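Please examine the chain shown here before reading on. The paragraphs below proceed from the whole chain to one local unit.

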Number of protein chains: 2
Amino acid sequence: MKIAVAKGDGIGPEIMEAVLKIFTANRVPLEYAFVEMGKWVFDKGFNNGMTPAAQQTIEELGLLFKGPMETPKGKGVKSINVTARKTWNTFANKRVFESLHGVTTVFSKAGIPIDITVVRENIEDTYGGIEHMLTYDVALSRRFITRPGSMQVIRYAFEMARQKKARRITCGHKANIMKLTDGLFLDCFYEVAKEYPELKADDVIVDDLCMKLVTRPDLFDVVVLTNLQGDIVSDLCAGLVGGLGFAPSANIGDYISIFEAVHGTAPDIAGKNIANPTALLLSGIAMLHHVGLTENAAIIENALLYTLESGVHTRDFGDKTIPAVGTTGFADAIISHFGKTPRIGAKEIIPNKPGTPTPMKLEKNPMMVSKEQGSETIAGVDLFIQSDEQPTTIAEKCKGHAGTKFKLVNISNRGTQVWPTGSVYTNLVNQYNIRFESINDQPLTQQDIIGLYVSMTGNFRICSFELLNKWGDKKAYSLAQGQ
Amino acid sequence: MKIAVAKGDGIGPEIMEAVLKIFTANRVPLEYAFVEMGKWVFDKGFNNGMTPAAQQTIEELGLLFKGPMETPKGKGVKSINVTARKTWNTFANKRVFESLHGVTTVFSKAGIPIDITVVRENIEDTYGGIEHMLTYDVALSRRFITRPGSMQVIRYAFEMARQKKARRITCGHKANIMKLTDGLFLDCFYEVAKEYPELKADDVIVDDLCMKLVTRPDLFDVVVLTNLQGDIVSDLCAGLVGGLGFAPSANIGDYISIFEAVHGTAPDIAGKNIANPTALLLSGIAMLHHVGLTENAAIIENALLYTLESGVHTRDFGDKTIPAVGTTGFADAIISHFGKTPRIGAKEIIPNKPGTPTPMKLEKNPMMVSKEQGSETIAGVDLFIQSDEQPTTIAEKCKGHAGTKFKLVNISNRGTQVWPTGSVYTNLVNQYNIRFESINDQPLTQQDIIGLYVSMTGNFRICSFELLNKWGDKKAYSLAQGQ
């Protein structure tokens, strides 16, 4: 089986060489196609950080093993890591956080074992990077959560939890505030949960989750979250086991998967043979499991755990009274411990069952659409205008544009209602949301919206609008604070 | 001086009574006007959880001391706590997290002292609660960050850091992903930092911050963040000192401030005289400082610390070999310790200097607008359409609508470019962003946008649009992933 390998920037090449050396010594039956990705590829003028040849190879092979990469700053280009995840729809980021015997942390000192798997949605949320300045003073990021995208990652999380015989699967969210977006994610979670009655499924507000993770992390098993919250929670969990240097990362898609170290490129220590390859090795081990090379994976992981237990360490961790080894020395120690069993956390050796690679040649982009779309009507529109006038002045002007089909329902500023009621103590910025709804709930057409919009531009600069949709009788939009 | 007091729901009344009993015993020179707010007020039919009389009293007095409150679920009403913060523009949420001697945590066991002050922006971000379903499958939350709002909270954080002689002030953010919104917040941070050269000001990505907070929390002093990230980080920090039961919360505004317990209402133990009043008491102590009653504050806080050190505890924490006391017993213990000095963390007693209340009667809503607004032009528009067709099909249709002023620049789906280039492995949902820009950078008018929008409605359902603005030569919008 052949996989694509991108060594990465900074310490990337040397830790990748260390890991591949361990793989080769263990006779891992993989071939490597090295591809061009990273900061140096941006510097060569490729705006997405990879060459077309690299993209083609990765899409042909379906598996990418990558070192840490840097995205040039201040050039307006997007993160290479995020581009890779989004372009190839690796919808689930799976990260396993296990206490490692030999890596001392606040929690290991307190005798609290960590064994948490975080599944993070990997495509959506503010990671869409859709941002606009509406006025000179107001910046907007469009945070979107989709039903099919949520179903995809949540289904993966449940399936994975079933396979690992998890005792609990928890949805982290902020649906008490983000009722439509995180509410949608939470609905999907409980919808999928019905298919897995043997799993204890529950949910927790993300801030409460973070508080519990620093007090009773042992209560959690599998946790699934939206993208940004998942990012924060997974790095928090990395801290529980000693930092990003000790946590693997797998980006799982239907066609292409990416296994990577998520720590930085550490350019200050690059080329010095002192970097710690543990995180990349753990990611590599996760990749071996993914392709069915379970025996190689277990032997290498046991050797790694034995090595850590023995007190062998690079200079970033471990017992300072034992001299640190270099990157290659650490790899050699692991190789010398093939066949050894650690005292704590030994992995069962299961014979390899390599999957036959089934390259899926797609003819067109997969479109994910929910079956029932409901009967949809337009109930009104939110017009976001630029203005530094007072709410009552704006209301008077807006009323003149309502015509025969619309009524002015409310005006809000930063999400707080300021008309028809509100408080004079609400501070304003120069962007208002003007909500018009149809009179007597009559369904509206796009032509109606156009008419209102054209009329309103006579008085205002309209920065954006959002249709107010209904599915059946259900309003598909939130009320303003105080409405 | 008179302040408004809302006892809250669940355990609210009994912990508020305990705190006010301590205040009275210490002859705190405050009078209390009790106001109607909370779940029971929602239940009486007041949609924002407070009576008009309550709102009037609070606005007259300028200070609200409140117990925990519950917002009814499933009624579509907004959180009473968030409504209060937003309506009265309490732009800064300040929470102080200090290790308490007598409250055992993972970190106290490891000998790591905690002394972190989190300042969270309190109005903006997705807490605006502006959400829309764009299609049956796609939910959107508008995350906005404003320049005046950011300046307001950041200026408060620096001023507070200067007063407490902080050694470091850190901005937590995700500007590497949310370049415009968190980028704006970060810019404001460093702009204000220039006025405080004596303070070490730096920034850290929020996921990295959370990892560092669970490994080396002692490195941080004052941390300032946007709303949701600040919410998560402050609850994480509450965990470091033993939970929400041990952390005060102050919501600071220009006209009105709110001091509150942020833990839950614990209806299961309400009325049993077993709830822990510590968080509300700490919030009350913060309020005494706020109004210049520094001597009362220090005497009461020292008595609290002495009580905790003595091993007195309610049943939710402390040494299980010592019998727990009830809520009133805990308050009585504190009262009996007035004048005592704790071994660790004793507060200096500074004579009271009560401020003269200066009720600010506002005639209109304050409008916060930055001085330089830049010269703004319209460079194009993003149209968000509903469609389950393939990108090339959509592109062909769109080209027909571009006319003489626009060019079709790119099409993206969930923020990833799918036309003119992209990958067939990018999964799609039924909502696309169609980006049109002006030909040859000619500035556009709203009439031009209307023309394009009207034309496009011939083929598509347009869910929303965002103007593409420029200030001078600077694009005020992000590129799509891969653009």
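The following account describes the overall build of the chain and then one of its strand-helix-strand units.

This is a predicted model, in which local features need pLDDT of at least 70 and side-chain atom pairs count only at pLDDT 80 or more, while totals for chains, interfaces and linings use all residues. Residues are numbered from 1 along each chain as its sequence is written, chains are lettered from A and ligands numbered from 1 in the order in which they are written, and side-chain values use heavy atoms, with hydrogens and water left out.

Chain A contains 14 helices and 18 strands; these are DSSP runs numbered from the N terminus, helices being H or I of at least four residues and strands E of at least two. The C-alpha atoms occupy a box of roughly 80 × 50 × 45 Å along the principal axes. Of the 483 residues, 63% are buried, that is, under 20% relative accessible area with a 1.4 Å probe, protein chains only.

Within chain A, strand 8 (residues 169-173) and strand 9 pair in the parallel sense over 5 bridges; pairing requires at least two DSSP bridges between two strands. One bridge joins G172(A) to V204(A) in strand 9. Together with helix 7 (residues 181-193), the two strands form a right-handed β-α-β unit: with the strands pointing away from the viewer, the path from the first strand over the helix to the second runs clockwise.

How values were computed:
Buried means under 20% relative accessible area, exposed over 50%, partly exposed in between (1.4 Å probe, protein chains only).
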